[in-house]
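Student: I would like to go through this model term by term, asking each time what the label rests on.
Tutor: Then let us set each value beside its definition and conclude from there.

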Amino acid sequence: QLYLGMFGCDTNTQYVDLIKDSALISPTSGMMETPLSEDTPLDNFVKLTEEHRRDRQRRLDAGDETAALTFSATPPAPQQPSKTPSSWSQGQQPSRQDQRSSWQRRGG
C-alpha cells in the first residue's frame, strides 16, 4: 500500500509531480500510468533521478525551500493478535509456528 504522507504529499497528483518523468495520471482514465516503454533501461531512471537531485540542490542553494524533499517515517505495521496458550485451551488448534514460539518463550 502506498502512503502518500511518507512522501510529504496529500494527493496522488502531488505524488505524481515528484516522479513526473516516470509516471503520470491519465486524463482519460484517471489512473496512474507511465509514459515510458516497458523496455526502458534502468539506467534511464538513475539518470533522471540524478538530474532531479541536481535541480533540487540548485534550487535549495538559491534559497527555494520548497525544493527540499520531506519524507516521514514508515507507519507501523498493523499488529496481529497472537495466540496464547490460554486461547488454545478454548478449543483452537495452535499452528506449528505458535507451538514453536510458545516453546521458545518457556525457554525450551
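Student: Why does Q14 count as partly exposed?
Tutor: Before the answer, a caution on the source: this is a predicted model, in which local features need pLDDT of at least 70 and side-chain atom pairs count only at pLDDT 80 or more, while totals for chains, interfaces and linings use all residues. Residues are numbered from 1 along each chain as its sequence is written, and side-chain values use heavy atoms, with hydrogens and water left out. Buried means under 20% relative accessible area, exposed means over 50%, and partly exposed lies in between, with a 1.4 Å probe and protein chains only. Q14 has a relative accessibility of 37%, so Q14 counts as partly exposed.

Student: Where is Q14 placed, and what does its side chain reach?
Tutor: Q14 is in helix 1, where helices (H or I, at least four residues) and strands (E, at least two) are DSSP runs numbered from the N terminus. The side chain of Q14 reaches the backbone nitrogen of D10 at 2.5 Å. A polar contact is a pair of N or O atoms within 3.5 Å; within protein, one must be able to donate a hydrogen and the other to accept it, and residues adjacent in sequence count only if both atoms are side-chain atoms.

Student: What makes T13 buried or exposed, or something in between?
Tutor: T13, which also lies in helix 1, has 47% relative accessibility and therefore counts as partly exposed. Its C-alpha atom is separated by 9.4 Å from that of M32, 19 residues apart along the chain.

Student: Why does T40 count as buried?
Tutor: The relative accessibility of T40 is 17%, so the residue counts as buried. T40 is found in the loop between strand 2 (32–33) and helix 2, and a polar atom of its side chain lies 2.8 Å from the backbone oxygen of S37. Across the chain, buried residues make up 13% of the 108 residues.

Student: Why is the pair of F7 and Y15 called tilted?
Tutor: The structure holds 1 aromatic pair. The ring centres of F7 and Y15 are 5.1 Å apart and the planes stand at 55 degrees, so the pair is tilted. By definition, rings of Phe, Tyr and Trp (its six-membered ring) pair if their centres lie within 6.5 Å, with planes under 30 degrees apart counted as stacked, over 60 as edge-to-face and the rest as tilted. As for accessibility, F7 is partly exposed at 24%, whereas Y15 is buried at 14%.

Student: Which helix supplies the largest share of the lining of the largest pocket?
Tutor: Helix 2 does, with 7 residues. That pocket is lined by 24 residues, of which D17, L18, I19, R56 and L69 lie nearest its centre.

Conventions: 1 Å grid on protein atoms, 1.4 Å probe; cavity = no way out; pocket = protein on both sides within 12 Å on 5 of 7 lines; lining within 4 Å.
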